[in-house]
Amino acid sequence: MSGESRFAALEALLPRVSKPLQYVGGELNSQVKDWECGGPDTVRWVLMYPDAYEVGLPNQGVMILYEVLNEQPHALAERTYAVWPDLEALMRENDVPLLTVDGHRAVRDFDVFGLSFPTELNYTNMLSALDLAGIALRTADRGDEDPIVLIGGHASFNPEPIAPFVDAVVVGDGEEAVLAVTELIRAWKAEGRPGGEGLTPREELLRRLAATGGVYVPAFYDVSYAGDGALEAITPRPGIEGVPWQVSKHTVMDLDAWPYPKQPLVPLAESVHERMSVEIFRGCTRGCRFCQAGMITRPVRERSITGIGEMVERGLQATGYEEVGLLSLSSADHSEIADITKGLADRYEGTQTGLSLPSTRVDAFNIDLANELTRNGRRSGLTFAPEGGSERLRKVINKQVSEQDLIDTVAAAFGAGWRNVKLYFMCGLPTETDEDVLGIGALAKAVIETGRKVSGRKDIRCTVSIGGFVPKPHTPFQWAGQLSAADTDRRLALLREEIRSDKRYGSSIGFRYHDGEPGVVEGLLSRGDRRVGDVIEAVWRDGGRFDGWSEHFSYERWMRCADQVFSGMNEEHGWGIDVDWFTTRERDELETLPWDHIDSGLDKAWLWEDWQAALDEEEQPDCRWDPCFDCGVCPQMDLDIEIGPTGKTLLPLTVLGSGKQGMLERS
């Protein structure tokens, strides 16, 4: 029977697996709605973050959509996460399908199977989930009774590598989009689930979704290739009414109107973030040329200081957490960040409630801000992201941070009592040389020397963390060639030796890095086209799972499967494609890119101009404070930057009695 709990079958397997608590459900603030809560036209969603529970549960995106949907009387939403291989094997042996963690209902019983992809390395987990749920891997093989497989998240801005497996793609902000999709499905159900002219009921539903202009349905698009294998075009299939040439991203403008999550989930098992988080603004116009998140989430939209205060208070009461993360792409850039942090620190004085920011820009940091963040909590290390190891390279990537900026900032921090600083860099950035990478070591040594000088202490530490650069769609670097795994590893080895060779600093500098191999696979999946789907399936059938985890990732498997798939295609079609063709090859201006039909609002000509400016080492200002530089987002999407100051203040909470109940005061 659809919608029934299958927990008894699952429970019998849990004593035989590691971390069984992650499959039990029942977390604080979780929900299990009646299967028929909205009558016969109820729209049922299962939401998946396709990684382990400990990574997926704290994800704000899934948590927000879960709550937004469950507020609707005619809809319900439950969650599922990737199943570790030990339980997957047992479930297959005992014919237990993929279940939700809320009602332990079969995923295949729902109307929509929605997956959020922040990273492409989770694609094999999607195939595991589909197969374990009893849903055909490829959309062409699905029937009217199968859920609509719908994806979102940052990786959806180039959905082509997984186009064979997904029915629909929502690009951009999800809050309003999932409600629009829900209403459309509900109306289709109310009509009796009709088909269309020459279309099955399932195809008619997908056609209606596509006709909105905000949902991409890959099956309704034809792909053509040139004789050498280059992509020629992705165009709507003829004869299907309303399918657009370009699919537009969704943008939520008034964040105060969407104060989610109101009741954040509290995990039963250990998770990567044990805190309550509030997104204080969305979007970024700093213009870092490597940063896909900053480009695709434009324009900047700030949550008001009072809206933030209300969300923090409500969230703390709902969860019992003692740390609040103030999240965004560059939280210290909020126009009222000083008032926000001081107001929150005043409000929670003496309650052991700490505040935290993610990695802070060097030029946005100040000691007053840091002191407010640590006033009621513990003083941890500070994290900054110079990204590039030389002044020249930071101009290329438009980081707009000088070495002196960094030295001045860490001097202030060390002088105010901090003892540890973490610096984040990337290896393999466009135009990078060995000297640029070695400059990271010189910068770390200068940080240690500065800390010792201003503090008068020897116990100063600096941790250097390095990730491999992967060119991403919808950025000025989308045309760049990616550094090979071998060259990445060689440069990292040079840097490690440079740091360790100087005994004055070596023991004071920590060195953490990712080798080059996972980055090459991520690059293949980031900028690949529909043909890469065959590689993903081949890797999955060969045992690929949890590719974002080093202990499960196999570079050899990916390269072997890619070689087999591409060799077969080349032999059949006379193409010349391979992994390097998708990764280390630099693109030219006129090349058709696999994501050209996905409209992020950014003008492709502007992105090319900014790529040329990068090669000329020219910087681009932040349009929040400088005149518009015509990236295209605001006029094309009919949007505008929305920032403060609002003129309001966050007054301290008036505590009533000895409990946590309080009254929010607004000026």
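In this predicted model, helix H9 passes helix H10 in a right-handed crossing. The axes of H9, which spans residues 305–319, and of H10, which spans residues 337–347, come within 10 Å and cross at roughly 35°. On the H9 side the contact is made by Ile 305, Ile 308, Gly 309, Val 312 and Glu 313, while H10 contributes Asp 339, Ile 340, Leu 344 and Arg 347.

An open sheet is formed by 3 strands in the order S10-S13-S14, with parallel pairing, and its twist averages 25° from one strand to the next. Strands S10 and S14 are the edge strands, each pairing on one side only. Strand S13 is joined to S14 by 3 bridges, and in S14 the bridge partner of Val 324 is Leu 355.

| Strand | Residues |
|---|---|
| S10 | 276–279 |
| S13 | 323–327 |
| S14 | 354–356 |

Elsewhere in the chain, Glu 120 lies in the loop between strand S3 (112–116) and helix H5 (123–133). Is Glu 120 buried or exposed? Glu 120 counts as buried because its relative accessible area is 4%, and the cut-off for buried is under 20%. The side chain of Glu 120 makes a polar contact with the side chain of Lys 472, at 2.9 Å. Leaving aside neighbours within four places in sequence, Glu 120 is in contact with Ala 155, Lys 472, Glu 522, Leu 525 and Ser 526.

Definitions and conventions. Residues are numbered from 1 along each chain as its sequence is written. This is a predicted model: local features need pLDDT of at least 70, side-chain atom pairs count only at pLDDT 80 or more; totals for chains, interfaces and linings use all residues. Side-chain values use heavy atoms; hydrogens and water are left out. Axes are lines fitted to C-alpha atoms, for helices over the stretch in contact, and angles run from 0 to 180 degrees between N-to-C directions. Helices (H or I, at least four residues) and strands (E, at least two) are DSSP runs, numbered from the N terminus. A crossing is left-handed if the near helix is turned anticlockwise from the far one by less than a right angle, and right-handed if clockwise. Contact means heavy atoms within 4.5 Å. Two strands pair if DSSP finds at least two bridges between them. Buried means under 20% relative accessible area, exposed over 50%, partly exposed in between (1.4 Å probe, protein chains only). A polar contact is a pair of N or O atoms within 3.5 Å; within protein, one must be able to donate a hydrogen and the other to accept it, and residues adjacent in sequence count only if both atoms are side-chain atoms.
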